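Tutor: Please look at the sequence and the model shown below. We shall then work through them by question and answer.

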Amino acid sequence: MRAAQAGVGVARTSYLPRTDLLWQSNRATDNNITGLTIPNSVIAPITGPVPTSTSTAALGKRERIVVLLGAARFRISGARVDAARAAQNRAAAEASLTRLDVSIATVNAYLTLLAAEQTLRAAQADVERRETFAKSVHVLVDNQLRAGADASRADAERARARVNLARAEQQAAISRAQLADILGIADQVVEVRESVLVGAPPAAAPAAASVALNPFAQVQHARVQEEQSLVHALDRSYYPKLYLQSVVMGRGAALI
């Protein structure tokens, strides 16, 4: 966004008049050579009659200031500024979309951690129940009130519950690390609160929003406007350019 804003400032500089400064001088015998001008598109050629004497040395010089300014230049500059502003609007829309993407990713990580913690609590409760059940079965088996197979089955179910608890702890740790990473605090421990998200969903559905307010649609619309501004600027490039020029010239006096 800052780069796009700076681009608008750069485009505005095209409104400023362009000024070229040139200086040329030469020393030669008093003929056409004294009026020598290096070929260019700014300084006018030599003026005055051709001298007859060729034995006198003279110094020739040319100075010129050219200011480029015109109505067509303003139109082209305006189109360039409009294109830069369209690019700025597109960058702002993309920044809003990026913020939305980050927010959605953060909410997803937060909900994933909440779900992992709920699964962890359920696994812990299941392990406690399996422990109590296995102890009661072992008492009955030891008193020969139940078959030994029941004790083996209770031990197997308790082992499975412990495995599920270990997996739930691993998933909770991974979810917590992912949330900390997306928040930019990967080296810290993140704790979340359930709030009202774990409860029942609202009875009424949220009101439908306009498609034009969707950040993704706004980004696409901004891109279309940017391309249209570029086409507008290219159309203005065919306009003829009018330049305002001025010149100051001096002929050197004879030296020897």
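Tutor: Before we begin, one definition: helices, of at least four residues, and strands, of at least two, are DSSP runs numbered from the N terminus. Please remember also that this is a predicted model.

Student: In what order do the elements of the chain run from the N terminus on?
Tutor: The chain has 4 helices and 3 strands. Read from the N terminus, their order is α-β-β-α-α-α-β.

Student: In which element is confidence highest, and in which is it lowest?
Tutor: For the chain, the mean pLDDT is 78, and 71% of the residues reach 70 or more. Where pLDDT is low, the predicted coordinates should not be read in detail. Confidence is highest in helix H3 (residues 148-182), with a mean of 91, and lowest, with a mean of 55, in strand S2 (residues 57-68).

Student: What percentage of the residues in the chain is buried?
Tutor: A residue counts as buried when its relative accessible area is under 20%. Of the 256 residues in the chain, the buried share is 27%.

Student: What distance does H3 reach from its first C-alpha to its last?
Tutor: H3 has 35 residues, and at 1.5 Å a residue the expected span is 51 Å. The distance in the model is close to that value, at 52 Å.

Student: Which residue just after H3 takes a positive phi?
Tutor: H3 is the helix of residues 148-182. Just after H3, a positive phi of about 80 degrees is taken by Gly184.

Student: Which elements give two or more residues to the largest nonpolar core?
Tutor: The largest nonpolar core has 8 residues: Ala116, Leu120, Ala123, Val127, Ala161, Leu165, Ala168 and Ala172. The elements that give two or more of them are helix H2 (71-142) and H3.

Student: With which residues is Ala161 in contact, leaving aside its neighbours within four places in sequence?
Tutor: Ala161 is one of the buried residues of H3 and belongs to the largest nonpolar core. Neighbours within four places in sequence aside, its contacts are Asp126, Val127 and Arg130.

Student: Is Glu117 buried or exposed?
Tutor: Glu117 lies in helix H2, and residues up to four places away aside, Glu117 touches Arg176 and Val192. Its relative accessible area is 11%. The limit for a buried residue is under 20%, so Glu117 is buried.

Student: Which backbone oxygen does the side chain of Thr106 reach?
Tutor: Thr106 is also a residue of helix H2. Not counting residues up to four places away in sequence, Thr106 touches Leu179, Ile182 and Leu183. At 2.7 Å, its side chain reaches the backbone oxygen of Val102.

Student: What separates the C-alpha atoms of Ser103 and Ile182?
Tutor: Ser103 is found in helix H2, and its side chain reaches the backbone oxygen of Arg99 at 2.8 Å. Along the chain, Ser103 and Ile182 are 79 residues apart.

Student: How far apart are the end C-alpha atoms of helix H4?
Tutor: Helix H4 (residues 215-236) has 22 residues, which should span 32 Å at 1.5 Å a residue.

Student: Within what arc do the buried residues of H4 fall?
Tutor: The buried residues of H4 are Val219, Ala222, Glu226, Ser229 and Ala233. Viewed down the axis, they line one face of the helix, because they fall within an arc of 80 degrees.

Student: Which residues are exposed on the other side of H4?
Tutor: A residue is exposed when its relative accessible area is over 50%. On the other side of H4, the exposed residues are Gln228 and Leu234.

Student: With which residues is Gln218 in contact, leaving aside its neighbours within four places in sequence?
Tutor: Gln218 is found in helix H4 and counts as partly exposed, at 34% relative accessibility. Its C-alpha atom is separated by 6.2 Å from that of Ala93, 125 residues apart along the chain. With neighbours within four places left aside, the contacts of Gln218 are Ala93, Ala212 and Leu213.

How values were computed. Residues numbered from 1 in each chain as written. Heavy atoms only, no water. pLDDT = per-residue confidence, 0-100. Expected span 1.5 Å × (residues − 1). Buried < 20%, exposed > 50% of the residue type's maximum accessible area, 1.4 Å probe, protein only. Arc of directions from axis to C-beta. Core = buried A, V, L, I, M, F, W, Y, C linked by side-chain atoms within 4.5 Å. Contact = heavy atoms within 4.5 Å. Polar contact = N/O pair within 3.5 Å; in protein donor to acceptor, adjacent residues only side chain to side chain.
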